[in-house]
Amino acid sequence: MSSSSAPAKKNGILQTIQPFAIGGMSGMASTCIIQPVDMIKVQIQVRSEGGKANVGPVQVVKQILSEGKGLSFFYKGLDSALIRQITYTTVRMGIYKSLFENHKKQHGNVSLAYKSLFGLTGGFIGAFCGNPADLILIRLQADQNLPPETRRNYRNFADAFSRIIKEEGVTSLWRGAVPTIIRAMALNFGMLGPFDEVKERLNKMTAGPKDTLSIRLTASAIAGFLCSFICLPFDNVKTKLQKMAKLPDGTYPYKSFVDCFSKSIRNEGFTKLWVGFPTFYFRIAPHAMLTLLFQDYLTDLAKKRNSK
């Protein structure tokens, strides 16, 4: 092998892993900012299950603080959330960006249909890889809402991971994988493709500089709303499936995604699939916006570095 081909091969590998690394770092940075809102979102979903009265974010915060749990409670499960970003977001955004850039190189542009397809693909694979961390995160956040005798009392991510494998089997790490994957596909469908599509359209309509901060903010805001509205019903079902514990007779309250979905509608009403939407929106939309903005910023930095 010639000396010139070795650096070329090295650069090729770096360019391949670059979108995955940028996606993961973007998701982790956003998660550190949004984690308390995610905790409040899960608490609203858990406390509203079974047709209970609507619980608002302010009420949840007051209840948590009145129970003496302290501000650190809002960051419970942060290690799982970050590990989830390392697995889920690294894969989903890396796959989407890789497919997007390869298609653009070959065809010159990427239609909305292909953007949507790439988003769905990234969501499917990313969610499968990230489900174990997502499952553990939900259980850590919801554990305090279970009766004392049914609480799992995981100490941390590692303890939860090892105990789930020992007590329930390794395949239990993918419990709720179906709604998780469907949710991720819905989220990516409303987030990644629309962001690039709106950004491209705004750039065409703008006579001045392209890809400005205002254009990126507008595109990310639209994508944030779409992905939060589309995926909330699946997120509610996913939360119920992943945090459920066995009933006294040894069975689980929900048999499958369809069973949970239908029971939720029957017991709580169709509109309750969007329970906690304001909180969910203020958790998902800012996270999506920050992730997309971080991704564009880090991508710009990488391009400047590669051009030197």
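Select Asp159 first. Asp159 is buried, at a relative accessible area of 9%. Its salt-bridge partner is Arg155, with 3.4 Å from N to O. Now colour Arg155 by accessibility: Arg155 is exposed, at 68%. This is a predicted model, so treat every value on the tour as computed from predicted coordinates.

Stay in this region and pick Phe161. Phe161 sits in helix H5, which covers residues 157-168. Buried or exposed, or in between? Phe161 is partly exposed, with a relative accessible area of 33%. Together with Phe161 they form a nonpolar surface patch of about 420 Å².

Next, the interior. In soluble globular proteins, nonpolar side chains tend to be buried together. Here the largest nonpolar core holds 24 residues. Select Leu187, Met191, Leu192, Cys227 and Leu292, the members with the most contacts inside this core. Then show the helices that give two or more residues to the core: H3 (78-107), H4 (112-142), H6 (177-205), H7 (213-243) and H9 (277-307). H6 supplies the largest share, 8 residues.

Zoom on Leu192. Which residues does Leu192 touch, leaving out those up to four places away in sequence? They are Arg92, Met93, Tyr96, Gly119 and Leu292. There is also a second, separate core of 9 residues. Find it by selecting Ile136, Leu140, Ala160 and Ile164, which are among its members.

Back to charges. The whole structure has 18 salt bridges. Select Lys199 and Asp296. Their side chains meet in a salt bridge at 2.8 Å, N to O. The pair joins distant parts of the chain: Lys199 lies in helix H6 and Asp296 in helix H9, 97 residues apart. Check the accessibility of each partner. Lys199 counts as buried at 9%. Asp296 counts as buried too, at 5%.

Move to helix H8, residues 257-268. Pick Asp259 and Lys263. The two side chains form a salt bridge at 3.3 Å, N to O. Why are they about one helical turn apart? Because Asp259 and Lys263 are 4 residues apart in H8. Asp259 is buried, with a relative accessible area of 16%.

Now extend the charged selection to Asp196, Lys199, Arg216, Asp296 and Asp300. Salt bridges with shared partners join these five residues into one network.

Last stop: the cysteines. How many disulfides are there? The count is 0. Take Cys32 as a test. The closest cysteine sulfur belongs to Cys227 and is 19 Å away, too far for a bond. Cys32 is partly exposed, at 37% relative accessible area. Then select Cys129. Cys129 is in no disulfide either, and its nearest cysteine sulfur, in Cys231, is 19 Å away. Cys129 counts as partly exposed, at 36% relative accessibility.

How values were computed
Residues are numbered from 1 along each chain as its sequence is written. This is a predicted model: local features need pLDDT of at least 70, side-chain atom pairs count only at pLDDT 80 or more; totals for chains, interfaces and linings use all residues. Side-chain values use heavy atoms; hydrogens and water are left out. Patches are made of residues with over 30% relative accessible area and no salt bridge: like charges are joined within 9 Å, nonpolar side chains (Val, Leu, Ile, Met, Phe, Trp, Tyr) within 5 Å. Accessible areas come from the Shrake-Rupley method with a 1.4 Å probe; for residues, only the protein chains shown count as cover. A salt bridge is a side-chain nitrogen of Lys or Arg within 4 Å of a carboxyl oxygen of Asp or Glu. Buried means under 20% relative accessible area, exposed over 50%, partly exposed in between (1.4 Å probe, protein chains only). A disulfide is a pair of cysteine sulfur atoms within 2.5 Å. A nonpolar core is a set of buried Ala, Val, Leu, Ile, Met, Phe, Trp, Tyr and Cys residues joined through side-chain atoms within 4.5 Å. Contact means heavy atoms within 4.5 Å.
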